[in-house]
Amino acid sequence: MLLDFRFKNFKSFKDEADFFMTAAPKQQGLNYSVTEIVPKVRGRKKTIKALCSSVIYGANAAGKTNIISAMDVFRSIFLRGNIRNMEELSPINIASSRLDLVPNKNEAASVPVEFYIKFYENDLLIEYALHIALGAFLGKESERYVSYEKLCVNQICIFERTGQGNSKDTIVSIGELDVIGAYIPKDDNGEKLETSIGFINATLDEEELFICNGFKNQVSKEFYSLVYRWFSTKFIVILRADSMTYTPRFLDLEKKGGAIDYTLNEAAKLFGINSNDLIYEIDKDNGHSILCSVVEGKHLKSPVLIPSEFFESYGTIRFVNIFPIILTCLMSGGTLVVDEFDASLHPMALMNIVNLFHNDDVNICHAQLIFDTHNPIFLNSNLFRRDEIKFVERDDETHNSTLYSLADFKTADHTRTRLHSDYMKNYFINQYGAINDIDFTPVVENIMKNFRS
């Protein structure tokens with residue numbers, strides 16, 4: 001489970017933003033949205049209340065997508081193990097390929113981009129911090145290096161890396177490894193293999209993450225694999241959900257000459273489809289699958305297959321692409337982060353998906369759902385806790401973004417937002433911020449005036 005994600009000097013976020021997924025102090029209500037985990041920290045059990053969902057609000061261009069982009073870039077850096085630009089640009093999030101686009105554009109000097117993540121996996125509380133020097137915004141010629149890196153497990157330091165690029169001061173210090181002793185390789189006599197600090201520091205690459213290289217090769221490949229699997233399979237970040245295409249893996253190939261995912265069809269019919277069935281037609285030459293609609297008609301001798309993009313609504317296609325990922329997340333206990341989650345989906349379908357994550361009888365693996373939206377229906381004290389509702393506001397002068405939650409918000413008389421307040425009404429009268437007063441009338445009036453003349 002994701003417990004905390006922080007970042008700094010990332011796009012519109014100059015100062016540190018803390019996206020927490022733990023219950024705020026003294027928050028009450030909607031306890032079904034909270035999962036208690038009990039890691040053993042320094043020999044004692046510590047109870048942590050984790051949130052199973054979070055929704056992000058803010059005006060257009062406030063920085064909502066930048067939060068999800070920060071998660072996506074950090075995930076991409078970890079999975080490839082270095083901070084070099086990628087030759088093949090990502091069509092979805094170019095910042096994950098060209099890291100010179102990441103630093104805040106108002107920082108003239110080379111200020112490190114900072115990431116920090118805390119998550120719970122295999123009964124372990126894992127914290128990982130990464131600071132990377134990328135130069136200034138669009139500073140292509142700037143030297144790049146990892147300036148800081150730290151891994152902690154159950155609040156015990158496993159390793160810490162400090163340094164300044166090529167400087168001899170760039171070193172790694174290994175901490176206590178007993179907390180991950182089960183993941184440390186052993187010799188034929190069952191003794192833990194010694195780690196050569198001198199060799200590690202001699203082979204340190206300034207552009208590579210130590211955890212993905214030196215730690216993996218010299219300390220514990222097994223523990224690295226545990227962290228890597230969480231990032232690759234359980235930390236599911238989808239930027240621009242409208243561009244997502246689902247490709248099935250486990251299919252029944254016997255019916256109607258194609259591949260039918262019966263669970264998906266059952267859900268799609270509840271959502272509403274124009275055809276009798278949805279089927280993945282397999283191209284025998286290249287093995288690619290095309291989503292098709294099975295259409296029957298009185299004048300047709302037999303059912304015909306029509307590419308669904310020509311027959312179904314855009315909302316149906318969106319649902320078909322995202323629903324299997326939701327199922328996968330629920331079954332694995334993953335964290336699903338989606339940008340533009342509610343685009344083209346009916347509010348009733350959205351509400352039901354959110355309720356799946358809030359249902360203790362369904363969400364038995366403690367999966368999490370995080371998304372940004374403009375839809376006010378989620379501003380409801382019966383659906384989301386105050387600490388699950390986040391706001392993003394952008395300063396008109398500096399264009400820098402600020403992240404805060406409804407649980408943090410205090411009114412003019414310094415009292416906190418009440419549990420049963422009308423969140424939607426208060427948001428639209430600008431009591432919480434993160435909303436713009438938009439009036440196009442003067443612009444259009446001026447255009448029409450010139451048009452008449």
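What follows is a working chat about a predicted model.

Biologist: What are the ground rules on numbering and pLDDT?
Modeller: Residues are numbered from 1 along each chain as its sequence is written, and side-chain values use heavy atoms, without hydrogens and water. The model is predicted, so to speak of local features takes pLDDT of at least 70 and side-chain atom pairs count only at pLDDT 80 or more, while totals for chains, interfaces and linings use all residues.

Biologist: How many helices and strands are in the protein?
Modeller: The protein has 10 helices and 20 strands, taken as DSSP runs (helices H or I, at least four residues; strands E, at least two) numbered from the N terminus.

Biologist: What share of the residues is buried?
Modeller: 49% of the 453 residues, with buried meaning under 20% relative accessible area (1.4 Å probe, protein chains only).

Biologist: Which strands form the open sheet, and in what order?
Modeller: Six of them, in the order β13-β17-β18-β7-β19-β20, with mixed pairing; two strands pair if DSSP finds at least two bridges between them.

Biologist: Why is one side of β13 and of β20 left without a neighbour in the sheet?
Modeller: Because β13 (235–238) and β20 (401–405) stand at the edges, each with a single partner strand.

Biologist: In what sense do β17 and β18 pair?
Modeller: Parallel, over four bridges, between residues 335–338 of β17 and 368–372 of β18. Thr335 stands opposite Gln368 in β18.

Biologist: Switching to helices, what does α7 lie across?
Modeller: Helix α7 (residues 314–332) lies across β13, β17 and β18, at about 150° to β17. Axes are lines fitted to C-alpha atoms, for helices over the stretch in contact (heavy atoms within 4.5 Å), and angles run from 0 to 180 degrees between N-to-C directions.

Biologist: And which strands does α8 lie across?
Modeller: Helix α8 (residues 347–358) lies across β7 (53–58) and β18, running at about 145° to β18.

Conventions
Buried means under 20% relative accessible area, exposed over 50%, partly exposed in between (1.4 Å probe, protein chains only).
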